[in-house]
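Below is a short briefing on one chain, arranged by topic. Please read the points against the sequence and the coordinates.

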Amino acid sequence: MMRARGFTLVELIMGIVVMAVAVGGVLLAMRTTVAKSADPMIAHQGIAVAEAYMEEILTKNFTGASPVCASRATYNSASCYDGLSQSPTNQSGTAIAALSAYTVTVGIGAAGTCGAGLAGGESRIAVAVTHPSGFTYQLDGCITDY
């Protein structure tokens with residue numbers, strides 16, 4: 001006599017439940033990966049903006065006998081950047097549309113804030129770049145009067 005082969009209804013339902021849990025776990029992992037895929041680009045752009053501002057500030061004089069701070073294109077002293085808060089612009093002040101979501105904030109510390117104890121003086125520079133997604137990138141540096 002031949003025995004019937006196949007699945008019972010209970011086995012079939014249990015198989016469907018196990019498969020649904022497995023597929024759900026894989027889809028959850030994929031969703032997390034896809035949702036975070038833009039983070040490296042945001043980080044790279046934020047750091048690049050901060051580095052550009054830091055490099056620009058470090059090319060200026062530590063102190064100027066007569067600082068010119070009328071517009072960013074005419075800044076001749078690092079102290080002109082203190083308190084700057086704006087969307088990224090080029091050195092002549094033209095806004096960079098592709099980076100408009102970022103905010104750049106610059107702070108120049110008082111003389112002696114780097115702790116180097118140099119006779120000519122030194123100041124700490126803090127450049128922070130913030131993105132609306134909650135990322136903030138900060139570069140710190142020192143400028144000295146040598």
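Helix α2 (residues 39-58) has 20 residues and spans 28 Å from its first C-alpha to its last, close to the expected 28 Å, which is 1.5 Å times one less than the number of residues. The model is predicted, so local features need pLDDT of at least 70 and side-chain atom pairs count only at pLDDT 80 or more, while totals for chains, interfaces and linings use all residues. Residues are numbered from 1 along each chain as its sequence is written, and side-chain values use heavy atoms, without hydrogens and water.

**Helix α2**
- Buried residues (under 20% relative accessible area, 1.4 Å probe, protein chains only) in α2 are I42, A43, G46, V49, A50, Y53, M54, E56 and I57.
- Seen down the axis of α2, the buried residues fall within an arc of 170°, so they line one face of the helix; the arc is taken from the directions from the helix axis to the C-beta atoms.
- P40, H44 and E55 are exposed (over 50% relative accessible area) and sit on the face of α2 turned away from its buried side.
- The cover over the buried residues of α2 includes β1 (85-86), β2 (103-108), β3 and β4.

**Strands β3 and β4**
- Strand β3 (residues 122-130) and strand β4 (residues 136-144) run antiparallel and are joined by nine bridges; two strands pair if DSSP finds at least two bridges between them.
- V129 stands opposite Y137 of β4.
- The hairpin of β3 and β4 has five residues between the strands, and G134 there takes a positive phi near 105°.

**Aromatic pairs**
- There are two aromatic pairs, counted for rings of Phe, Tyr and Trp (its six-membered ring) with centres within 6.5 Å; planes under 30 degrees apart are stacked, over 60 edge-to-face and the rest tilted.
- Y75 and Y81 pair edge-to-face, at 4.8 Å centre to centre and 85° between the planes, and both residues are buried.
- The ring centres of F135 and Y137 lie 6.1 Å apart with planes at 10°, so this pair is stacked.
- F135 is partly exposed at 28% relative accessibility, whereas Y137 is buried at 14%.

**Whole chain**
- The chain has two helices and four strands, in the order α-α-β-β-β-β from the N terminus; helices (H or I, at least four residues) and strands (E, at least two) are DSSP runs.
- Of the 146 residues, 25% are buried.
- Among contacts (heavy atoms within 4.5 Å) between residues at least 6 apart in sequence, 42% join residues at least 24 apart.
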